[in-house]
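Student: I have a structure to read for the first time, and I would like to understand what stands behind each word used to describe it. Could we go through it together, term by term?

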Amino acid sequence: MSRIAVILSALAILLLAACGGGGPQRAVVSGGTGWVGGAVPQLGDRKPHSWRGGHPYNLPVHGIDISRWQGTIDWNRVRSSGVSFAFLKATEGGDHVDPNFRRYWREAGAARIPRGGYHYYYFCRSGAEQARWYIQNVPREVGSLPPVLDIEWTNSRTCPRRPGSAEILREASQFLSILERYYGQRPIVYTTVDFYRETGIGRLNAEFWLRSVAGHPRQVYPGQNWTFWQYTGTGIVPGIRGDADINAFAGSVDQWRAWLSRRLVR
């Protein structure tokens, strides 16, 4: 089979699998202040919020991000619950690989869930060194999601550095450029509220995945465009034991399919 045929076949399978919002629906209500009503996929939250400025439950496409701490996962059950994508922790710094990454990569792929790997950035190694480490450990596989750079302040005893904005932007840009050349897709950047406000990371040329667990990103990150929103770290996902991070895509099901057609690795 030609490479073009392989790409088209993989894309067709993933678009069918990643229809978004295909699972059973339920209403979410809150007894606290603020409105959190709406229809959501068959997912829950152990500590639901009273949202400020908007909520994620009216968005139809939801997904997860995971690491070794989620243990054994029933990926088929995850998919049938309405999960449309998964970001898997792959690497950290320049010498650590999540011990469950390869298994999750294989199992999520077998369940036909679009998945990609994310890198947790450390400030004691250069962007180029960390990019090379990611490339060594994450396959360049047709039909996978773009790479992700998870850049936030770390609480590390071995790397307590907090460099200035200029260094952060320079090294992160180098990381993104190296991965873009290798995978053919520019990485997505995940970040947190404090890091965003203190470093100016929003100036990077990238799509953003923003963490905000109590307020809508338009309120918490005013003026910042985003593609993914991590809205809880205490999510309940059928097929995963314990808490899970849940995320929403910023658009309709049709927009999600269009995004996949542009952004899957080829």
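Student: Which residues of strand β9 point one way and which the other way, and are they buried or exposed?

Tutor: From strand β9 (residues 188-191), Ile188 and Tyr190 point one way while Val189 and Thr191 point the other way, and all are buried. Buried means under 20% relative accessible area, exposed means over 50%, and partly exposed is in between, with a 1.4 Å probe and protein chains only. Strands are DSSP runs of E with at least two residues, and helices are runs of H or I with at least four, numbered from the N terminus.

Student: What kind of model is this, and how are its residues numbered?

Tutor: This is a predicted model, in which local features need pLDDT of at least 70 and side-chain atom pairs count only at pLDDT 80 or more, whereas totals for chains, interfaces and linings use all residues. Residues are numbered from 1 along each chain as its sequence is written, and side-chain values use heavy atoms, with hydrogens and water left out.

Student: What does pLDDT say about the chain, and where does it stay under 50?

Tutor: pLDDT is the predictor's confidence in each residue, from 0 to 100. The chain averages 88, and 85% of the residues score at least 70.

Student: What makes β8 and β9 a pair of strands?

Tutor: Two strands pair if DSSP finds at least two bridges between them. β8 and β9 are joined by 3 bridges and run parallel, with Tyr190 in β9 as the bridge partner of Asp150. On its other pairing, β9 is joined to β10 by 4 bridges, again in the parallel sense, and there Ile188 stands opposite Glu207.

Student: Why is the unit made by β8, α5 and β9 called right-handed?

Tutor: A crossover is called right-handed because, with the strands pointing away from the viewer, the path from the first strand over the helix to the second runs clockwise. The β-α-β unit of β8, α5 and β9 is right-handed, and so is the unit of β9, helix α6 (residues 193-199) and β10.

Student: How many residues of strand β4 are buried, and which strands does β4 pair with?

Tutor: In β4 (residues 62-66), 5 of its 5 residues are buried. The strand pairs with β5 (residues 83-92) in the parallel sense over 4 bridges, and Ile66 stands opposite Leu88 in β5. Another 4 bridges join β4 to strand β12 (residues 244-249), and these two run antiparallel; here Asp65 has Asp245 as its bridge partner.

Student: What makes Phe228 and Trp256 an edge-to-face pair?

Tutor: Rings of Phe, Tyr and Trp (its six-membered ring) pair if their centres lie within 6.5 Å, and planes under 30 degrees apart count as stacked, over 60 as edge-to-face and the rest as tilted. Phe228 and Trp256 are 6.2 Å apart, centre to centre, with 85° between the planes, and the pair is edge-to-face. Phe228 lies in strand β11 (residues 228-236) and Trp256 in helix α8 (residues 253-263), so the pair ties together parts that are 28 residues apart in sequence. Phe228 is buried at a relative accessible area of 1%, and Trp256 is buried at 0%.

Student: Why does Gly215 count as buried, and what does Gly215 touch?

Tutor: Gly215 counts as buried because its relative accessibility is 1%. The residue sits in the loop between β10 (207-211) and α7 (217-220). Leaving out residues up to four places away in sequence, Gly215 touches Trp51, Arg52, Val220 and Trp229. From Gly215 to Arg52 the distance is 4.6 Å, C-alpha to C-alpha, although they are 163 residues apart in sequence.

Student: How do you know that Arg112 is partly exposed?

Tutor: Arg112 has a relative accessible area of 37%, and therefore counts as partly exposed. Arg112 is placed in the loop between α3 and β7.

Conventions. Contact means heavy atoms within 4.5 Å.
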